[in-house]
Structure formats: structure tokens, C-alpha cells
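Notebook open, structure loaded. I'm jotting down what I looked up, in the order I got to it.

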Amino acid sequence: MNKFIVTDPQECIGCHVCEVACVVAHNNHLWPEERSAFIPRIQVIFQEKSSVAVTCRHCNDAPCVESCPVDALHFGERSIQLDEQRCIGCKNCLVACPFGAIEMVSRQDPAVAIAQKCDLCSHQASPACVASCPTQALQLLDDAALEALRHQRQRTAAAGVYQKNAAPGLAARLLDKPERQGAIKIAAAQRKTHFQEIYQGLEADRAGNESRRCLYCAQKAWCNWACPLHNAIPDFIRLVNQGHILEAAELCHQTSTLPEICGRVCPQDRLCEGACTLKSRNGAVTIGNLERYITDTAFEMGWRPAIGAMTPRTEKVAIIGAGPAGLGCADILARAGIQADVFDRHPEIGGLLTFGIPPFKLDKQLMARRRDIFSAMGIRFHLNCEIGRDVHFSELMAKYDAIFLGTGTYGLLQAGLAHEDAPGVVQALPFLIASTRRVMELEEDPRNPWVNVKGKNVVVLGGGDTAMDCLRTAIRREAASVTCAYRRDEASMPGSKKEVINAREEGVEFLFNVQPQQIQRDRKGRVNGIKLIRTVPGEPGPDGRRKPQPVKGSEFVQPADVLIMALGFRPHAMPWLDQYDIKLDNWGLIKTGGGERLATQTSQRKVFAGGDAVHGADLVVTAMVAGRQAARDILTMLEHQPAQLKAMQEAL
């Protein structure tokens, strides 16, 4: 008799722990480096509010074995084993499997797919999914277990009792949690009069209550897989529950360079909290608020991150950009004993964390404190320093053992309308930077001039988080009216849903399904309106989104004294890269990896890059991940750098 895994659907809570455990068990107990490598051999299937895990049944007649022309599938250890080296990707087994428990996956060559199925974790003592299931919904059936199940069912049938036990099982008891309690938000009437953060930090009792809601599905759970940094979320929440705040802070800093920042600005609803098992029940655990609570509380207690024992090294690395990518890179290098010098065009660290995200979402004192912490770690900052203007890139190439480009994307997308250069038409980023500099009481930057919107009609084109930042900033700058014009419906907006809610509460008006046609000007050439046309959703495009189609005869003019273009970002020019032949793609993004190069290594061996400058405008957390990975790649390069090449570089 074969062994196989069965699932009790009544006890399955849809936590995906079995999938995570399976992938990690087949990846040397580590997280996969690429998200595309997350290919579990067990699948959780959802139908309305119920879920069940499905895997290979290791059938006695094994049609998959019979169908394989190269004997890649065979019986062994009372289960069906797959020899991936022999698989030719013919898909016969996939067609033959009556349970759909075999799928084709790519390995090193994406063009070549091979079969993959549950192997009952033949490489370890017991199946990882069974051992990890928090409700014991999964069970490995062998001869003895199957015999016991047969006797149980026979007794049930003989007694004429066919109803399942109505008593709540482990799943029901585990899911019996109170409703989510998020952070307290300052009332709109009050918060729109200032630039202070609108969410209050959790109090100790509220943090404790929220931490007790966590199911602790597993140490490696769906929530920390959904986090790009793979923060140890279940563990740091458990430490909060136990009152061990300093230990929780240390744990947060093992995977994140800026946990108090991510706790505030990460879109948790799309990442960790979006993956919480409780999300569709009584609300996800407020992971972001707890992360913020941990670090804020630890800092108030006088705690600072431990650097640990490290031996100073002779190598030096130049980091261009003090945003999340550059800071993530510098953090890892400094902990390894390498001198990290960070160059940035702005007068303070943080990049767009400081100057692009408004203070009502992120208190700027947080980055000032981080600058002190990083400086104490030995990181040197060269601020108000622009590469190509204040320092030549060639100087860095000659002076440093490696260079990391974390320059972000400061180029701004245009709408393609006539008169976009008219007075009153402004780009989102300069508008936000100028406003933030004024809040921080910094002198005005001529590259980002101050725009006074007080008493004016403001229209913002766009529907992302940057558009919401502009709208809410204009409200606080006492605009007479503030309107968001977006070409799709509200459900299709790419930004955070809570930001839309906050903007609406503060008085922003929304125009959905409208597309700009023409910028209207007065006799002096200043903008006085934007001509819009109403749209309806068209056919889905390659990305699955339905392209808006104009409705003939539906044009109208929306009054606007100030028109803010918040249409997104693109790479900005960096001509100083040209002389070193650092390759860019067709969009102007820096190309990394490929061939024998490390993942973040550019076409110039000692130059690395990551963040928005490589993958396009994205999240704070993904930029930080890239910077930290680049630091590890730089360390690898330095460890394996040929002696003669190093001597040549030192002679430059």
C-alpha cells in the first residue's frame, strides 16, 4: 500500500503554511531568492470561504508512471518518485494524473519545463507540510493509519451515524479572535490643518491585544513570504505578546534597515497584511502598526541597533543615492566592516523618503535619527553633493573598490498634451519636494520652486500614491478646491486604498473614468482649466487591465488654476555613466546580472545597481531589498576579486 497525504477540509484554514513549508524544505530550509522559484508541490485551493490542500495521491495504479516514456517516474519507498534529471517535459504525466497534482515548472532554463509533484519529502524524515500545519488538517496516511480510518468509518456506518462531529475543532478554536483594531487616526477636520503624521502609534495595551490576535501559523508563514524582506513577522509579534520589545527590535533589524519607516509607508494591505490568514475573517493583524510600535518603543527606551562583532576592512565602497536602496546597501556593508561613503544631491538622507513622501505620512525626524545611527556605525554621508557636478564619477571609480548606484528614478512622465509648459502646470515631484522643504524649514531649491496653491482650484491628474500625496498636500496648503481626475474607475486605482479614503475624508473630490484632452489657458497664457472626456472600460490589455475608451460627445472643462501632473516616474539622465559603458535598457534603466555577472552587477565589473534605477519606480521595501542584495554581491565580488585586478585598481 502506498503512503499519501490527506486533508481534513473542516480543519484547513487556508493559511498556506503547507505551501511555504514545502518550498522551504526543498530549498535547503531557506527562502527562495526569486519569487518565481516559489513553486510548492502542494496547493491550497479556495472555494468561497472554504479551502483544502491538494497534493499527489501516490495512486496504487499510478497512471503517471505508466504514461512516462523515459521512466522518470517510478515506485520507491512506497511512494511515487520523480527523477527530474530524466524528465523530458513531455507532459504525459500531467495529462494522465486524475487529481491534477502534477505541474510543469521551469528550472535554470525558463524555456524548458519539467514535471514536479509531491515526493513526500523523501529527502527528510517526514513531510514538511504535515509537520507544519497549525491545525493538523494534514495527515500522512500509511497502512496503519488507513486501517484505523477504515475501522472508524465502518463503526460509524454500522451505528447509522453519518453526521460529522459538530464540535468545534482546532481550526475553529484557533480562528476565534476579536476584531482587528488598527491605529487611531486623527479626525480629518483637525489633521488637514497641519503636516503631522495622521496615525497615532499603538499604546502598549492595544499592541498587546493586537499581538494576541496573531495565529502564529508557522515560523515561516505566508505573511513573511509576502514581505519582500521576509521579515520574521510571526516571531516579532510573539515577542511583543511576551513583552520582549528590545528582542523584537533586534529581530526586526536582522532583515530590515528601516523597520520604523516600513511600518509607516509600506502598503501592508497588498503585502504582509494582505497575506494574513485572518484578513477575510475578522481583519488582518495590524503588522505595520506593530512593526512601528516595536521600533518606536525601543528607541524611546534608549535602544540602538547592535552592530555586532566585526573586523574593520581596508576596502571602501561609494554609494550614490541616500534613499532606501543606498541605505540598505550601506547598512550591510558597514556591518561587514567595509567603509561606506554615501553621496546624495539632497541636504538630508532618505531620498524620496524624506523629500517625496509628505510629513503627514512620515515624520522627518525619523530620518534625522537614522542619520545619527548610521553615522555612529561609521557610514559617511556627503550631502548636497551631485555626481557630475560636485564630484566626477571617474574620481569614485579611481578611489573606491566598488560603487553602488541607488539613484532612483527622478524623470517625470508627460501627458503628451499641448501647453504642458504653461504657467500653472506643475509636476508632482517638484511640488512635493518644495512643500516638504518648507515644512523642514530648508531654503528653497530653484530646481524645485515653491508653488502657492492657497485659494486656488487644484486638479491632479493620476491615481497612484504620488497623486494622493499631491492632493492631500494641496488640501493642507489651503487650496480652494482639490480634484483628482483619473482615467479608470476607483477599483482600478494603483495606489493604496486607505490613501484614497484619507484623501476623500479630507475634502478631495474625485472624477473617475475621465481622460485629459486639452489644457485650457486664459489670455495671459496661464492654465485655467483642463478639458476632459468621459471614458468607459474597453477590452483587457496585455496586463489584464481594461483600456479606457472615450465616450463621444462627453467632453467638459474642469476649472483649474494649478494642474499637477502625477502620472509616474521614469529614469533620469546620468551621462556620467557613458564613459564606462554601463549598459541601459530601452527604457533607460540600468541593466544588471546575466551571464557570469552577479544579480546586481552592471556591465562594469566594480559597479553595482539596484532599486528604482534598475526595476523602475516601485516600493520603498523593494528598493531596500535590492540595496541589501547589492551589498552581499559586492562582498562576494571583493572576496573573489583576483589579486592582480585589485592591484591594478589600487594603482589608478
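**Helix pair.** I started with α14 (residues 324-335) and α22 (residues 620-640), whose axes come within 7 Å and cross at roughly 40 degrees. Axes here are lines fitted to C-alpha atoms, for helices over the stretch in contact, with angles from 0 to 180 degrees between N-to-C directions. Helices are DSSP runs of H or I with at least four residues, strands are E runs of at least two, and both are numbered from the N terminus. The α14/α22 crossing is right-handed, meaning the near helix is turned clockwise from the far one by less than a right angle.

Before going on, I noted the ground rules. This is a predicted model, where local features need pLDDT of at least 70 and side-chain atom pairs count only at pLDDT 80 or more, while totals for chains, interfaces and linings use all residues. Residues are numbered from 1 along each chain as its sequence is written, and side-chain values use heavy atoms, with hydrogens and water left out.

**Who touches whom.** With contact set at heavy atoms within 4.5 Å, I listed the α14 side, including Pro 324, Gly 328 and Leu 333, against α22 residues including Val 620, Gly 627 and Leu 635. The residues of this contact split into 11 nonpolar, 2 polar and 3 charged. Gly goes with the polar ones in this scheme, and Asp, Glu, Lys and Arg are the charged ones.

**Domains.** The domain assignment gives domain 1 (4-148), domain 2 (194-301), domain 3 (316-409 + 571-647) and domain 4 (412-569). I looked at domains 2 and 4, whose C-alpha centres lie 33 Å apart. Together they bury about 730 Å², 50% of it on carbon and sulfur atoms; that is accessible area (1.4 Å probe) lost on being put together, summed over both. In domain 2, Phe 195, Ile 198 and Tyr 199 lose the most, together 61% of what that side buries.

**Salt bridges.** I required a side-chain nitrogen of Lys or Arg within 4 Å of a carboxyl oxygen of Asp or Glu. The domain 2/domain 4 interface has 0, and the whole structure has 30. One I checked is Arg 191 with Glu 505, at 2.7 Å, N to O. Arg 191 sits in α7 (residues 188-191) and Glu 505 in α20 (residues 497-505), so the pair ties together parts 314 residues apart in sequence.

Terms used:
Domain bounds come from an automatic or database domain assignment. Buried area is the accessible area (1.4 Å probe) that two parts lose on being put together, summed over both.
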